Amino acid sequence: MADIVRGPAPGPGRASYVCFNGMVWTNGFPAGKTPEDDITEQTRKALKCLDDRLAQAGTDKSRIIEATVFLQDINTKDAMDKVWCEWIPEGCGVSRATVGAALAHGQLIEMKVTAALPQSTNSA
């Protein structure tokens, strides 16, 4: 049985990603956000965070299986979805849910994803 691999801790009680049995769990948030950032800009920053964390774990966005997007204001879904659709590779659609949620610290968006590791890193 493979060991659980945990990425660097961004804060107490958390890991930037967790790998087990050929899978990766991680989240993306708008790192470096400013008070002026709208949902479009915060979505771009959250997706950049996801790209970075997936790469650290040994995979990428083409291997995302499932995603949950949390929006401070569900009425911003169309703007977020436009950025998401530009980001996700053609032919790599995922099972995705989008929900409204109370988010902390001025965040307009946060995302949680599950991705597969490539075969060569499945033992991570």
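Which residues does L47 touch, not counting residues up to four places away in sequence? Select L47 and you'll find V83, W84, W87 and M111, where touching means heavy atoms within 4.5 Å.

Before moving on: this is a predicted model, with local features needing pLDDT of at least 70 and side-chain atom pairs counting only at pLDDT 80 or more, while totals for chains, interfaces and linings use all residues. Residues are numbered from 1 along each chain as its sequence is written, and side-chain values use heavy atoms, leaving out hydrogens and water.

Now show the strands (DSSP E runs of at least two residues; helices are H or I runs of at least four, both numbered from the N terminus). Six of them form an open sheet with mixed pairing, in the order β1-β2-β3-β6-β4-β5; strands pair if DSSP finds at least two bridges between them. β1 (5–6) and β5 (95–100) are at the edges with a single partner strand each, so one side of each has no neighbour in the sheet.

Zoom in on β2 (residues 17–20) and β3 (residues 23–28), an antiparallel pair with four bridges. Pick Y17: its bridge partner in β3 is T26.

Next, select helix α1 (residues 39–57), which lies across β2, β3, β4 (64–71) and β6 (109–116) and runs at about 30° to β6. Angles go from 0 to 180 degrees between N-to-C directions, with axes fitted to C-alpha atoms, for helices over the stretch in contact. Helix α2 (residues 77–87) packs on the sheet too, touching β4, β5 and β6, at about 155° to β5.

Finally, colour the largest nonpolar core, 19 residues, where L47, M80, W84, W87, I109 and M111 have the most contacts. Its largest share, five residues, comes from α1.

Methods. Core = buried A, V, L, I, M, F, W, Y, C linked by side-chain atoms within 4.5 Å. Buried < 20%, exposed > 50% of the residue type's maximum accessible area, 1.4 Å probe, protein only.
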